[in-house]
Structures are given as C-alpha cells and as structure tokens.
Amino acid sequence: MTPRYLKEGHPLKTGIQLSWTKTKNSVIKHVIFFLILPAAFLLTNFLLKGAFIAATQILTGSVTAMLLLLLHRVLQNMLWALFFLYLLAADKKRRITTSRTKISSTWLRLMILACLSLYFFHYEAIYHTQRATEPLTISHRGVTNRNGLQNSLAALKKTHTTSQPDFIEMDVQETVDHQLVVIHDEDLKTLAHKNLRIDETTWSELKEISLKENGYTSKISLFSDYLAAANRLNQRLLIELKVTAKTKKTIVQRLLPFKNQLTDHQLQSMDLNTANQMKKNFPIIKVGYILPFNLLGSPKNTLDFINIEAQTAHSDLIQYLRQQKQEIYVWSIDSKQQAAAFHFQRVHGLLSDDLSMLSAVPDDIRSRTASILYFD
C-alpha cells in the first residue's frame, strides 16, 4: 500500500508507517498473496504444460492433437487472466463491483471461440511458412550411436560411410610445442586415465598414448591428418577451436597454413575473440560462436552462425538470431521429440551423438503441437 500513500503526497517514511499500520494484522495473508499464490500459479502452469506435452505424444490423430493445442492455449490464458484479476481485486478500495465485472456466459463463449480461431490460424500460418526448412545433420564429435571413439579417424570414416551427415563436428587443441591435435577434453583423465593437459604436453608424448571409449581404442590424431582424411572422403567438417589461457594467443595462427584446405568446412569456437579472429583470417569461410548457456542472450557479433546449447535454446533467442540474419545450430540433440521441436523452429543445423535422432523428423500436426508447447 506504500505506493498509494506516496501518490497521495505523503513522504516515504510516513507512507511506510501508514502501510505497516494498515497491514500489520494481516501479515500471513500478505505472505500467502506475495509468495504462496504466485508459486502455486507457476506450478499449476508447469503441470498443465507438462500434461499437454505428454498427451500429444500419447494420442494420435492430427485433429485431436490440434484440439489439444488449442485447449492448452485457452486454459493457459484463462489461468493468467484469473491470476491478474485476483491481483487487481486485492485492494478492496479499488475492487470493481461484481455487477461491473460480471461477464455473461454468451460473452465468455465468444471469447473462447475467438481464442480458438486465432490460435488455429496463427499456428497453421506458422507451419505453412516454416515447414520447408531442413536442418543440417551434424555428427557431434564425429560419432553416432557410440560407433567409435570420439574425434578419432576410425570414427570419422565409419560415421561418414554409414550415415553421410552434412557435417562432422570435431575439436582441435594446441600442444605445448604448437601442434594442432584432434581431441575434446583439455586433459587425458577421462579417455586415458592420465593426469596430462594437452597444452602442457608435446606431440611426441601424446602420439604414444592410447585412448579408450565405447569399447574402442585409438590414438590421438594430428589435425592435418584428420583434415586430409575428411577431404579425401568429401566429408565437410565443423571445426571447433578449443582455447585455453596458454593457447588463446597462438592457436588461430596455427590454423593459417591450412587455409586452402578449409574451403568447404566451417569453423567455430566457444571463445568469442577467437571466433572473431578466425572470421578475420578466413573471411570466405562460415564461422560461428558457441553459446553454452542462454542466460543473457547472444553477445553482439557479426559471425555467420550461433551454436546454442539445446537445454537453454529458447524460442525468443532463436527468433532474435533469425532477425540478426544469423544461422542457428543447436547441440546436442538426444531425442526425436527434441529434434522435431527445433525442426519446427527452423534452425539451420542439429548436432547429435546419435544421428538416428535427426532422421525422419515427424511432419504431422502432432509433432507441431508438441513443438509449440515445448518452446512456449
């Protein structure tokens, strides 16, 4: 009530005192109003959304799915309306009389019918303008369905032969003696059980170490060998430069000798400065920035694409990037439902450890319904 007293011309101190005098006997009521009620509303909304997502995956039939979507939207909006009406009615002095707020059943039916019609035409329009987009299929770390050791030459060849992805994503790091090697982790604890960092170890030491994963054993590859093999296979690569404090100033320079061999490939980095350097040095190649978490949105940049983490890839961010004329990649997809959702959102590329998740993306209304609910 303090703002109301301030509007009446009382000083801030006086307003606080008057407000406390007016409300001190109803502290529990205010706790319920400001804490428990909003929490209950959010929980109800979450459960409602979850129930409809589950229903779209259980029930079949395009008409049923579309009706479920429309029903979900109407109920969700009615829930919001009731919540805000309750907030407005909290101040008894400003509460509008029942006779003025009462809505006839006829008007209520018309409002529901209008909402159903608007939502139906809105999402049908979205679908028919967006459904032509087919995202690139990208093998995350060069494997699919655990068919090899990540970032290995053997996995590159097997994935290319069996799955023919549009791109194979792989990771490049710099050794202490300035060699580029193909490996994801900064150390060898997971794949070799050795306490060695890539940026503190020489290539002559690293090439003798065996890595183990998914029942496969392999050696670390030089980037030059991996790139040459991909070019022989006509397999395009999505090359991530992984930088550390020790390699940030030099790693892009180590990539320059391969400029003529990188024409058909793409580059990316989780370090924005490194990504900008690559774009400056390789202007005709597509270069992207990896956004690990969508907390504050994508930083301002002029790169070709943004690679966003799937769990935080909200529709608002996707829409913003599209307005910036930037392509959108998403990693890492682990279900067909997730793939269908991003397919509906018209992203340009999907990364997955299992490429079967990206194949035969459903194209019926039931998938569209789940996609809309997923991103709302």
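This is a predicted model: local features need pLDDT of at least 70, side-chain atom pairs count only at pLDDT 80 or more; totals for chains, interfaces and linings use all residues.
The largest nonpolar core holds 45 residues, and Phe223 and Ile308 have the most contacts inside it. Helix α10, residues 223-233, gives the most to this core, with five residues. A second, separate core has 13 residues, among them Val181, Ile183, Ala192 and Leu222.

Leaving out residues up to four places away in sequence, Phe223 touches Met170, Val172, Leu180, Val181, Val182, Ile239, Leu255, Phe258 and Leu262.

The structure has two aromatic pairs, listed here.

| Pair | Centre to centre | Angle between planes | Class |
|---|---|---|---|
| Phe223 and Phe258 | 5.1 Å | 80 degrees | edge-to-face |
| Phe305 and Tyr329 | 4.4 Å | 25 degrees | stacked |

Phe223 and Phe258 are both buried. Phe223 sits in helix α10 and Phe258 in the loop between α11 (251-255) and β10 (266-269), 35 residues apart. In the other pair, Phe305 belongs to strand β12 (residues 305-309) and Tyr329 to strand β13 (residues 327-333), so parts 24 residues apart in sequence are tied together. Phe305 counts as buried because its relative accessibility is 0%. Tyr329 is also buried, with a relative accessible area of 0%.

There are three cavities of 30 Å³ or more. The second largest cavity contains about 50 Å³ of space. Its lining includes Leu149, Gln150, Val182, Ile183, His184 and Lys219. By class, the lining of this second largest cavity has six nonpolar, five polar and one charged residues.

Definitions and conventions:
Residues are numbered from 1 along each chain as its sequence is written. Side-chain values use heavy atoms; hydrogens and water are left out. A nonpolar core is a set of buried Ala, Val, Leu, Ile, Met, Phe, Trp, Tyr and Cys residues joined through side-chain atoms within 4.5 Å. Buried means under 20% relative accessible area, exposed over 50%, partly exposed in between (1.4 Å probe, protein chains only). Helices (H or I, at least four residues) and strands (E, at least two) are DSSP runs, numbered from the N terminus. Contact means heavy atoms within 4.5 Å. On a 1 Å grid over the protein atoms alone, a cavity is a set of points where a 1.4 Å probe fits but cannot get out, and a pocket is an open set with protein on both sides within 12 Å along at least five of seven lines; lining residues have an atom within 4 Å of a point. Grid points are joined across faces, edges and corners, and a volume is the space filled by probe spheres set on the points. Ala, Val, Leu, Ile, Met, Phe, Trp, Tyr, Cys and Pro count as nonpolar, Asp, Glu, Lys and Arg as charged, and the others, Gly among them, as polar. Rings of Phe, Tyr and Trp (its six-membered ring) pair if their centres lie within 6.5 Å; planes under 30 degrees apart count as stacked, over 60 as edge-to-face and the rest as tilted.
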